[in-house]
Amino acid sequence: MPAKFVSNRDETVPLFKHAYLERLSHVHPATPAVLFLPVAAWFAWVGLRTASFFPAVGLVAFGLILWTLTEYVMHRWVFHYHPRSVVGQRVHFLAHGIHHAYPRDSTRLVMPPAVSIPLAALFGLGFHFVFGGAAPLVFAAFLVGYVAYDTIHYATHHWPMKGPVGKFLKEYHLRHHYIDEDRAYGVSTPLWDHVFGTVIPPKATG
């Protein structure tokens, strides 16, 4: 693996002239877990009050898979959308471009609560209308998937990850950064890259 893949150096750059906005752009990596795991636990409790064991397992599995698809879709078609307008390019840089320009910035690896909380609320509301009584368990698993994704994403950039699964995920994601940013969109799993044909070919990593 190239040395730049495993650098422990942190890096950052100011985004805003206003000190308050600049502080808001830096987020501790534990923030998603602190914010959303209690919410996920509450929705899981609500869902488990009425669901029997096997349907509950199925709904949780569905919620996790739904998150991995959402992760892929957002990363590929939202975060890697290339706008043409100056304003669009600025928004894109703030949302995701900064991460590719400074992938070792440890405080800009997770979504700020000002964005993640409204998005979670919208997903939760959508699940309520689409899944009805099954929504609490699906949403709980979906939130756990999101927290797992953000934790894995942070780990791929800042933790050694020497175990077989961790090492694979680290190398897989860093190929996206250092070999081909238009492939390998999956962070928590390469599943949808295989489905949509966006796995980086082995010969490109040699």
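Predicted model: local features only at pLDDT ≥ 70, side-chain atom pairs only at ≥ 80, totals over all residues.
Accessible areas here come from the Shrake-Rupley method with a 1.4 Å probe, and for residues only the protein chains shown count as cover. Residues are numbered from 1 along each chain as its sequence is written, and side-chain values use heavy atoms, with hydrogens and water left out.

Overall make-up, then. The secondary structure comes to 8 helices and 0 strands; helices (H or I, at least four residues) and strands (E, at least two) are DSSP runs, numbered from the N terminus. Along the sequence the pattern reads α-α-α-α-α-α-α-α. Of the 206 residues in the protein, 38% are buried. Buried means under 20% relative accessible area, exposed means over 50%, and partly exposed is in between, with a 1.4 Å probe and protein chains only. Taking contacts between residues at least 6 apart in sequence, 69% join residues at least 24 apart, where contact means heavy atoms within 4.5 Å.

How many residues are in the largest nonpolar core? It has 14, and those with the most contacts inside it are Phe36, Trp67, Phe127, Leu143, Tyr146 and Tyr149. Helix 2 (31-48), helix 5 (113-131) and helix 6 (135-158) are the elements that give two or more residues to this core. Helix 6 gives the most, with 8 residues.

Helix 6 is mostly covered, with 20 of its 24 residues buried. Its end C-alpha atoms are 34 Å apart, which agrees with the 34 Å that 24 residues should span at 1.5 Å a residue. The expected span of a helix is 1.5 Å times one less than its number of residues.

Phenylalanine 127 is worth a look on the screen. Neighbours within four places in sequence aside, phenylalanine 127 is in contact with Leu66, Gly132, Ala135, Val138, Phe139 and Phe142. Leucine 125 lies in helix 5 and counts as partly exposed because its relative accessibility is 46%. From leucine 125 to alanine 135 is 10 residues in sequence and 9.1 Å in space, C-alpha to C-alpha.

On to helix 3. This helix has 27 residues and reaches 37 Å from its first C-alpha to its last, close to the 39 Å expected at 1.5 Å a residue. Its buried residues include Ala56, Gly63, Trp67, Thr68, Glu71 and His75. An α-helix has 3.6 residues a turn, so residues three or four places apart point the same way.

Which residues is threonine 68 in contact with, leaving aside its neighbours within four places in sequence? They are Ser188, Thr189 and Trp192. Threonine 68 is found in helix 3 and is buried, because its relative accessible area is 14%.

The surface has a nonpolar patch of about 520 Å², made by Val73, Trp77, Val78, Leu191, Val195 and Phe196. Helix 3 (53-79) and helix 8 (191-196) are the elements that give two or more residues to the patch. Patches are made of residues with over 30% relative accessible area and no salt bridge, with like charges joined within 9 Å and nonpolar side chains (Val, Leu, Ile, Met, Phe, Trp, Tyr) within 5 Å. Leucine 191, in helix 8, counts as partly exposed because its relative accessibility is 38%.

As for salt bridges, the count comes to 1, taking a side-chain nitrogen of Lys or Arg within 4 Å of a carboxyl oxygen of Asp or Glu. The side chains of aspartate 180 and arginine 183 meet in it, at 3.4 Å, N to O. Aspartate 180 is partly exposed at 24% relative accessible area, and arginine 183 is partly exposed at 29%.

Last, two backbone points. Methionine 161 has a positive phi of about 50° although it is not a glycine; methionine 161 is in the loop between helix 6 and helix 7 (164-178). Alanine 184, also not a glycine, has a positive phi of about 55° and lies in the loop between helix 7 and helix 8. Are these residues buried or exposed? Methionine 161 counts as buried because its relative accessibility is 16%, and alanine 184 counts as buried at 1%.

Key. Core = buried A, V, L, I, M, F, W, Y, C linked by side-chain atoms within 4.5 Å.
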